[in-house]
Amino acid sequence: PRFVALVPAAGSGSRMRADCPKQYLLLHGKPVLWHSLKVLHTEPRISHIVLVLTEGDPWFARFDWSDLPRLQVLYCGGASRAETVRNGLANIASNTPDDPWILVHDAARPCLSRSDLTHLIDQLHADAVGGLLAVPVPETVKRATLDGHVAQTVPRQDLWLAQTPQMFRLRPLLAAHQGVLDTITDEASAMERQGDSPRLITGSRNNLKITYPEDLALAALLLPAADP
Ligand code: CTP
Ligand code: MG
């Protein structure tokens, strides 16, 4: 089967508190989003990249994307990440008769390495369900009470942090995104809700999601390592 990338980039970046959505902040002179797309674009098995922006996005057109000819831009972002992904999947499904692998990758993860991307595809291309890049939780985890005291220390031995790309087949993934999407923050959880058990593929902590202001400087330091 084919491989298609889907990049949800319709978020507002509220925790970043910047003047524009975080995917358009500059990293080594290029938008964060450019870096996230570039690594997908260098993987020869990915036929094209579907980018989902919010309707009327005024920022995208201000930058040069001409070095990414296999990019296809849709303006059908939703109110939540899961809705944005569902809208993108529905568009792909209506334009193709087959059932390609879809690699959903956050616009806000510019430090994905080529080797992690290659490894993910190598490990999952023959899988029955699919899976995701993830890393073991490195720190001690506390469950808190509402008034900010420790209620419990949660054993971390079996805890993982979910990253992207997350790789599933188009039609089961679209089916998993029908109905209420309230609690869905990644594609794996949509599949889990259907009874599937996605595979965890060990990635790198360098594949951070830019979320808070301090993450941008960290990403700038990690970027050369991500692009050997
Ligand atoms: N995203 C999206 N559509 C939404 C919300 C999020 O496409 N309605 C995308 C973001 O653009 C980002 C990815 O999903 O690439 C991960 O989401 P997150 O880190 O939460 O980004 P934001 O929602 O933009 O940030 P915040 O939650 O701080 O507002
Ligand atoms: Mg968000």
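How many residues lie between E8 and E9 in the hairpin they form? The answer is given with the first view below. All views show a predicted model.

**View 1. The hairpin of strands E8 and E9.** Strand E8 covers residues 141-144, and strand E9 covers residues 150-154. The two strands form a hairpin with 5 residues between them. In the turn, glycine 148 has a positive phi of about 80 degrees. The pairing of E8 with E9 is antiparallel and runs over 4 bridges. Valine 141 stands opposite valine 154 of E9. Of the 5 residues of E9, the number buried is 0, so this strand lies largely in the open.

**View 2. The open sheet of 7 strands.** The strand order is E5-E4-E1-E6-E10-E7-E11, and the pairing is mixed. Strands E5 (71-74) and E11 (199-202) stand at the edges; each has a single partner strand, so one side of each is left without a neighbour in the sheet. On average, neighbouring strands are turned by 30 degrees against each other, direction ignored.

**View 3. Strands E6 and E10.** Strand E6 (residues 101-104) and strand E10 (residues 160-169) run antiparallel and are joined by 4 bridges. Valine 104 has glutamine 166 in E10 as its bridge partner. Strand E10 also holds proline 165. The peptide bond that leads from threonine 164 to proline 165 is cis, with omega near 5 degrees.

**View 4. Helices H2 and H3 on the sheet.** Helix H2 (residues 81-94) lies across strands E1 (3-8), E4 (46-52), E5 and E6. The direction of H2 is at about 145 degrees to E1. Helix H3 (residues 114-124) also packs on the sheet, where it touches E1, E7 (130-136), E10 and E11. Between the directions of H3 and E11 the angle is about 145 degrees.

**View 5. The largest nonpolar core.** This core has 53 residues, of which Ala5, Leu6, Val7 and Ile102 touch the most other members. Helix H1 (residues 32-41) supplies the largest share of the core, 6 residues. Which residues does alanine 5 contact, leaving aside its neighbours within four places in sequence? They are Leu40, Ile46, Ile49, Val50, Leu103 and His105.

**View 6. Arginine 17 and histidine 28, two residues with positive phi.** Arginine 17 is not a glycine, yet its phi is positive, at about 55 degrees. This arginine is placed in the loop between E1 and strand E2 (26-27). Is arginine 17 buried or exposed? Arginine 17 is exposed, because 9 other C-beta atoms lie within 10 Å and a residue with 12 or fewer counts as exposed. Histidine 28, likewise not a glycine, has a positive phi of about 50 degrees. Its place is in the loop between E2 and strand E3 (30-31). Histidine 28 has 12 C-beta neighbours inside 10 Å and therefore counts as exposed.

Definitions and conventions:
Residues are numbered from 1 along each chain as its sequence is written. Chains are lettered from A and ligands numbered from 1 in the order in which they are written. This is a predicted model: local features need pLDDT of at least 70, side-chain atom pairs count only at pLDDT 80 or more; totals for chains, interfaces and linings use all residues. Two strands pair if DSSP finds at least two bridges between them. Axes are lines fitted to C-alpha atoms, for helices over the stretch in contact, and angles run from 0 to 180 degrees between N-to-C directions. Two residues are in contact if their C-beta atoms, placed from the backbone, lie within 7 Å. A residue is buried if 20 or more other C-beta atoms lie within 10 Å of its own, exposed if 12 or fewer, and partly exposed in between; C-beta atoms are placed from the backbone. A nonpolar core is a set of buried Ala, Val, Leu, Ile, Met, Phe, Trp, Tyr and Cys residues joined through C-beta atoms within 7 Å.
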